Amino acid sequence: MVWSAQDSLVLKAITLLLSDELRPKLSPRCFHLAGQGGAKGCVNAVSKTVDDDRYVCRSDVNSYYATIDHGILMKQLQALIPCDIVLNLLSRMLDRLDDVQGVLHSVDIGISKGHPISPLLGAVYLQSLDEQLSQYREAHDLFYGRFMDNQMILYRTCHQLWMAVRLMNWVLDSVKMLKPFKIKERVIA
């Protein structure tokens with residue numbers, strides 16, 4: 001199936017409706033979602049806690065949108081969305097054809113970066129990461145925030161870093177994000 005302008009309009013409408021429906025079910029630590037503050041909100045949240053922590057860890061999932069597994073994503077969406085009609089539309093959007101230099105290719109993994117629903121689907125896909133790192137954050141009084149596929153953790157000890165990295169690896173493995181992610185670590189002066 002090749003998406004038309006009307007299809008895109010329907011998917012934009014679904015995005016608006018699902019954003020309101022899913023926002024309360026998704027992590028408040030996921031700043032890129034509408035109503036969560038965006039980049040400015042993330043920076044403000046970091047600035048409120050940065051004085052209490054000695055280190056910062058920022059990670060970035062390589063080829064994030066391109067490696068989202070449709071089967072896993074649909075299972076996650078089924079747990080959150082009770083409407084079969086909406087689920088069917090989302091499934092059809094995921095199982096699409098891409099035009100590459102005039103040749104149509106079936107796409108069964110990855111989602112489009114530029115589509116209005118992609119940030120919301122990305123938030124759903126890494127919801128388990130948000131849950132795991134938020135639980136760790138609360139237990140150890142740390143900062144955790146995510147913007148798209150970029151996670152930031154402010155921590156006090158190297159042990160806290162390695163535990164957070166183990167959690168990230170475990171969750172990314174469970175959603176078949178097997179590509180390594182980049183970690184940038186800095187001491188806050």
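## A walk around the helices

Helices (H or I, at least four residues) and strands (E, at least two) are DSSP runs, numbered from the N terminus.

Before moving on, note that this is a predicted model, in which local features need pLDDT of at least 70 and side-chain atom pairs count only at pLDDT 80 or more, while totals for chains, interfaces and linings use all residues. Residues are numbered from 1 along each chain as its sequence is written, and side-chain values use heavy atoms, leaving out hydrogens and water.

**Stop 1: helix H1**

Pick out Leu9 in H1; its relative accessibility is 64%, so it counts as exposed.

Next, select all of H1, residues 5-22. Its 18 residues should span 26 Å at 1.5 Å a residue, and this agrees with the 25 Å between its end C-alpha atoms. (The expected span is 1.5 Å times one less than the number of residues.)

Which residues of H1 are buried? Color Leu11, Ile14, Thr15, Leu18, Ser19 and Leu22 to see them. Look down the axis of H1: these buried residues fall within an arc of 140°, so they line one face of the helix. The arc is taken from the directions running from the helix axis to the C-beta atoms.

Show what covers that face: helix H3 (70-80), helix H4 (84-94) and helix H5 (118-125) are among the elements there. Contact, here and below, means heavy atoms within 4.5 Å.

**Stop 2: H1 against H4**

Two packed helices are described by the angle between their axes and the distance between the axes. For H1 and H4, the angle is about 125° and the axes are 11 Å apart. That makes H1 oblique to H4. Axes are lines fitted to C-alpha atoms, for helices over the stretch in contact, with angles from 0 to 180 degrees between N-to-C directions. Under 35 degrees counts as roughly parallel, over 145 as roughly antiparallel, 65 to 115 as roughly perpendicular, and the rest as oblique.

The crossing of H1 and H4 is left-handed. To view the contact, select Val10, Leu11, Ile14 and Leu18 of H1 with Val86, Leu89, Leu90 and Met93 of H4. A left-handed crossing has the near helix turned anticlockwise from the far one by less than a right angle; a right-handed one has it turned clockwise.

**Stop 3: helix H2**

Move to H2, where Gly38, Gly41, Cys42, Ala45 and Val46 are buried. Down the axis of H2, they fall within an arc of 135°, so they too line one face. What covers them includes strand E4 (143-147) and strand E5 (150-155). On the other side of H2, find the exposed Lys40 and Val43.

**Stop 4: H6 and H7**

Select helix H6 (residues 127-140) and helix H7 (residues 158-174), whose axes come within 9 Å and cross at roughly 160°. That makes H6 roughly antiparallel to H7, and their crossing is right-handed. Residues that meet here include Leu133 and Tyr136 in H6, and Met163 and Leu167 in H7.

**Last stop: Asp108**

Finish in the loop between strand E3 (103-107) and H5, where you will find Asp108. Buried or exposed? Asp108 is exposed, with a relative accessible area of 57%. Its C-alpha atom is separated by 8.8 Å from that of Gly71, 37 residues away along the chain.

Note on methods
Buried < 20%, exposed > 50% of the residue type's maximum accessible area, 1.4 Å probe, protein only.
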